[in-house]
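Dear colleague,

Please find below the structure that I am handing over to you, together with its sequence. My notes on its strands and helices follow.

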Amino acid sequence: MKKIITSCALMLTAIAMGSLVQAQPAVHKLEVDVSKSVASIQPTMYGIFFEDINFAADGGLYAELIKNRSFEFTLPLTGWLQPNSDRHSLNLASGMGTIIKSEDNPADRNFLRVEVNNDAGYQLINEGFRGMGIQAGALYDLSFEAALYQGAISGVTFDLISPEGKVIGSTSVTPQGNNWKYYEGTITANATEEKAQLRITFTGKGAIDMDMISLFPQDTWMGRKKGLRKDLVQLLDGLNPGFLRFPGGCIVEGRTLARRYQWKKTVGPVTDRTMLVNRWNTEFAHRLTPDYYQSFGLGFFEYFQLSEDLGAEPMPILGCGMACQFNTGELVPMDELDPYIQDALDLIEFANGSVNSPWGSVRADMGHPEPFNLKYLGIGNEQWGPEYIRRYEAFEQAIRSQYPDIVLISGSGPFPDGEHFEFGWEEMKRLNAEIVDEHYYRAPEWFRENATRYDSYDRNGPKVFAGEYAAQSVAIASPDNRNNWNCALSEAAFMTGLERNADIVVMTSYAPLMAHADAWQWTPDLIWFNNLASYGTINYYVQKMYSNNAGTDLLNISEGGEALTGKNGLYASAVKDEAKGELIVKLVNVADTAKSLSLAVKGGKASGEVMVYAMTGDNPDAVNSFENPQLISPVSSKTTIAKNTLEETIPPHSFLVYRIKMKD
Ligand code: AHR
């Protein structure tokens, strides 16, 4: 009997052990060689693409709070309300603002003539960009130009009001004389309000002409007067971007040639910059924003300055004589292309030329005598077909002969494959192009399946700029797309493939960069903001993990001699940071199960200390939000490595960065 019990017990133990053995997950044995640098990681590897879409410039980064400050919109009173003057019933008893066209200044053609008839309380209200974000205790710079026209207006009062009409800050100005004068005031806000408006009232009767009515927070990025919104630039700065591509996107091309982006109209005094309707205003019937214009207060000078502030290489993109091919596709005939090419040459002079050169002097007059050291220039955005190639060639010849050091970025069309893409690439190879821009807005699965995309690219051909990409949770340009964890994790997986191919992929940027929560046209976007707050999406933190751990040299990391490109749900890339003496390993697990890893470090000695940055989450639909801005974001911790081997279990659905300190 005892024997039977013993053998039963042995059997049970064996079964239990067997099942234990079966339950043990396989250990993935990874190897990374720190002694062999496969390629240099270009300092431009992870950058940002600022595109004026989704109210990213006016109403966003450019901190101006007044919409249509100079009455230049197609409907010149857009954004302005006159509640006590009912134009339709011609009840103009209290007064009326009328648009007058000025002959003197071609850029700023309109101004407003305000006639105040009696004491009935004429009001002029600016609604801001879906309201104005006002912070309690903050100071606001109010300015305007005015000339008394007739009668006796003795005072102009500016009140910040809440949606309920409560005054939350005021300033008054006494206008003087019949000549145009510049007036300033300061408003201190006594309450925080996301949807404030600016109300203007008048003392006395008569008529006064007004223009460039402007309101900025004093607390801007770097404290620059009439500058950029601080919280948004801080988010950009957090990405430590290697370059700043600007200003678009399709707005570069314009729906028509007449409405293309013309950089020369965006520099010099702000009052001389010609307003332009934004191409995205009515692009999508499901997201109409007819009040979307470009004041160009954020113009090319400011983009260069921002690049400098961020320590990013400036990368302007210029139209090449082709309007957006998704719209009119209008073409400049080849024999009329010279002015467009001259714009490119002049831009290089504006950025880099001596202060004595015509365009260098414009830069100097704007307060930047030192050159901006422009190195990269994009020719065309998402152009395709033979007409693009002909125009690109003409630009290239002219720029190469005068500025051989400028690196040109060419396009390969809007899609990552297909006829236009293949044709574009063939042609760019034939032309020995330096860097070709690729765009991909695709499903999350596409990103997971394409981590090997660049493994087979020609190592002797042009380099790659992955200039616009983002996983689309529903479909390209669907208003239901979300910046969810599934998309962000898929991008993280794909990016191991960008990094593993850093010998030919030299620049990358997510797109679009920013969106106003109440005024967007395109989703997903890297950063969301409203009038008071902003947050980085989960995708933002994925970008941040890469850009803040970019390293200097690409290393080989493998499992059984093979790169990790999705088998068992695992992706990996590795770099070293030569200056800091650190090995940096990026690991993505898209599987539903945890993975045990044993990472052997070859060719160098690990000191023992390891910093870990982890993004994890169980819910693929999870999103960051204004309420929970860091729901999924990197969490840092420390671990150790013994005998040059890191033993770790990485959770399901996770993206981890390990920074392993090496001995000298
Ligand atoms: O980022 C949104 C748009 O997508 C860009 O303007 C264009 O380049 C691409 O089609």
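In this predicted model, eight strands make up an open sheet with parallel pairing, in the order β3-β13-β16-β17-β18-β19-β20-β21. The edges are taken by β3 (48-49) and β21 (505-510); each has a single partner strand, so one side of each is left without a neighbour in the sheet.

Within this sheet, two bridges link strand β16 (residues 313-318) to strand β17 (residues 376-379) in the parallel sense. Ile317 has Gly378 of β17 as its bridge partner.

Two helices may be noted alongside these strands. Helix α7 (residues 386-402) packs on the sheet, where it touches β17 and β18 (407-411), and its direction makes about 175° with that of β18. Helix α8 (residues 419-430) lies across β18, β19 (435-442) and β20 (463-471), and runs at about 165° to β19.

I would also draw your attention to strand β6 (residues 110-116). Six of its seven residues are buried, that is, under 20% relative accessible area, so β6 is largely enclosed by the rest of the structure. Strand β6 pairs with strand β5 (residues 95-101) in the antiparallel sense over seven bridges; there, Thr98 has Arg113 of β6 as its bridge partner. Strand β6 is also joined to strand β12 (residues 193-217) by five bridges, and these two strands run antiparallel. The bridge partner of Val116 in β12 is Gly206.

With kind regards

Methods: Residues numbered from 1 in each chain as written. Predicted model: local features only at pLDDT ≥ 70, side-chain atom pairs only at ≥ 80, totals over all residues. Heavy atoms only, no water. Pairing = 2+ DSSP bridges. Helix = DSSP H or I, 4+ residues; strand = E, 2+ residues; numbered from the N terminus. Contact = heavy atoms within 4.5 Å. Axes fitted to C-alpha atoms, helices over the stretch in contact; angles between N-to-C directions. Buried < 20%, exposed > 50% of the residue type's maximum accessible area, 1.4 Å probe, protein only.
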